[in-house]
Amino acid sequence: MLYDAIVVGGGYAGQSAALQIARARRNVLVIDSGLRRNRFASHAHGFLSRDGTPPGEIADIARAQLLAYPNVVWVEGRAVSAGGEQDRFEIRMEDGESHVGRRVVLATGVSDTLADVPGLAERWGRAVFHCPYCHGYELESGTIGVLASHPMSVHQAEVVSDWGSTILFTNGVIDPDEDQIASLGRRNVVIETTPVSEIIGDDADIRLEDGRVIELAGLFTVPKTQITCAVAEELGCAISEGMTGPVITVDEMKKTSVVGVFACGDAARMAGSVALAVGDGAMAGAAAHQSLIFG
Ligand SMILES: Cc1cc2nc3c(=O)[nH]c(=O)nc-3n(C[C@H](O)[C@H](O)[C@H](O)COP(=O)(O)OP(=O)(O)OC[C@H]3O[C@@H](n4cnc5c(N)ncnc54)[C@H](O)[C@@H]3O)c2cc1C
């Protein structure tokens, strides 16, 4: 079967793109490996009409509505490689299957790599976060930690301090200069330079190497991000280095550098959210559809 479009990645961006294409009465295949970026969090915040809803529930409602269209096919599995060109792209799956489509929308999201600090990864999405707009309000203005992992950690501490009194744990990763120290001071951010030995407790308290335990309401850190598969690269899409990792280059219509290939969501923007992914997906879906008309 030659699909009008293949959407690789069935998270928020991919489903949103597929919905536009389906509603244009085109045949669309969604390929999804089921590993949404926010699967570690119990609740998603900041998405209009679904604030505080479990992230899986938002995706499940979207999927049920999408699959009500008879021209949508959903395949569970992982796309591992790709080739071809406009009007005949081939997407190859881990299980050896392959699918062909006239257009491709890449919505594969990103994966996060956290600093190698004992106790950090286990608390990701529960008490350790990267985005205060998503999870800052629930910390009830308690004391917030920022665990340095990136030059951007200074900026993160400055922003996060709007949600509660903030301690920046430099942990030997950053060494703020005079201007940064002054700026952090203006935001009342306390700088703690003693290295962190582990993260403990339900709220991500910090045990320092000197034995002190700093009680926190929650902890923020900047993860390194990675595009989750080689499909964009194999299709020849231009990829640039973003603040925390590689990002597929797109224009305002979500076109990549390869004719007939579109990209949306976290894989194609520097800082993402469910709302932004849904918006990007709607644009990519409409653009992919119009390229079927206008080439
Ligand atoms: C801990 C945490 C908490 C968060 N909390 C919030 C929040 O409260 N509110 C908010 O707005 N945002 C939140 N976010 C951000 C949000 O998760 C992302 O911005 C959003 O998921 C991006 O949507 P997406 O569709 O681009 O990618 P994803 O939702 O990550 O979806 C990508 C999909 O593509 C699939 N995929 C990847 N590669 C392949 C492949 N090769 N073949 C087939 N399928 C593939 C994946 O399995 C996944 O299902 C949070 C993020 C994290 C890490």
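The following legends describe close-up views of a predicted model. Local features require a pLDDT of at least 70, side-chain atom pairs count only at pLDDT 80 or more, and totals for chains, interfaces and linings use all residues. Residues are numbered from 1 along each chain as its sequence is written.

View A. Helices (H or I, at least four residues) and strands (E, at least two) are DSSP runs, numbered from the N terminus.

**View B. Helix 1 against helix 7.** The two helices pack at an angle of about 35°, and their axes are 7 Å apart. Axes are lines fitted to C-alpha atoms, for helices over the stretch in contact, and angles run from 0 to 180 degrees between N-to-C directions. The crossing of helix 1 and helix 7 is right-handed; a crossing is left-handed if the near helix is turned anticlockwise from the far one by less than a right angle, and right-handed if clockwise. Residues making the contact include Tyr12, Gly14 and Ala18 of helix 1 and Val274, Ala277 and Gly281 of helix 7, where contact requires C-beta atoms, placed from the backbone, to lie within 7 Å. By class, this contact has 13 nonpolar, 7 polar and 1 charged residues.

**View C. Helix 1 against helix 2.** The axes of helix 1 (residues 12–23) and helix 2 (residues 55–67) come within 10 Å and cross at roughly 20°. Helix 1 and helix 2 are therefore roughly parallel to each other; angles under 35 degrees count as roughly parallel, over 145 as roughly antiparallel, 65 to 115 as roughly perpendicular and the rest as oblique. Their crossing is left-handed. Helix 1 contributes Tyr12, Gln15, Ala18, Leu19 and Ala22 to the contact, while helix 2 contributes Ala59, Ala62, Arg63 and Leu66. These divide into 7 nonpolar, 1 polar and 1 charged residues.

View D. Five strands form an open sheet in the order 8-15-9-10-11, with parallel pairing; two strands pair if DSSP finds at least two bridges between them. Strand 8 (128–129) and strand 11 (190–192) stand at the edges with a single partner strand each, so one side of each lacks a neighbour in the sheet. Strand 10 (residues 166–169) pairs with strand 11 in the parallel sense over 3 bridges, and Leu168 has Ile191 of strand 11 as its bridge partner. Helix 4 packs on this sheet and touches strand 9 (144–147), strand 10 and strand 15 (218–221); the direction of helix 4 makes about 170° with that of strand 9.

**View E. Helix 4 against helix 5.** Helix 4 (residues 153–160) and helix 5 (residues 178–186) have axes 9 Å apart and pack at an angle of about 15°. The pair is therefore roughly parallel, and the crossing is left-handed. Val154, Ala157 and Glu158 of helix 4 meet Gln180, Ser183 and Leu184 of helix 5 in the contact.

View F. An open sheet of 3 strands has the order 12-13-14 and antiparallel pairing. Strand 12 (196–200) and strand 14 (213–214) are at the edges, each with a single partner strand, so one side of each has no neighbour in the sheet. Strand 12 and strand 13 (residues 205–208) pair over 4 bridges, and Val196 has Leu208 of strand 13 as its bridge partner.

Terms used. Two residues are in contact if their C-beta atoms, placed from the backbone, lie within 7 Å. Ala, Val, Leu, Ile, Met, Phe, Trp, Tyr, Cys and Pro count as nonpolar, Asp, Glu, Lys and Arg as charged, and the others, Gly among them, as polar.
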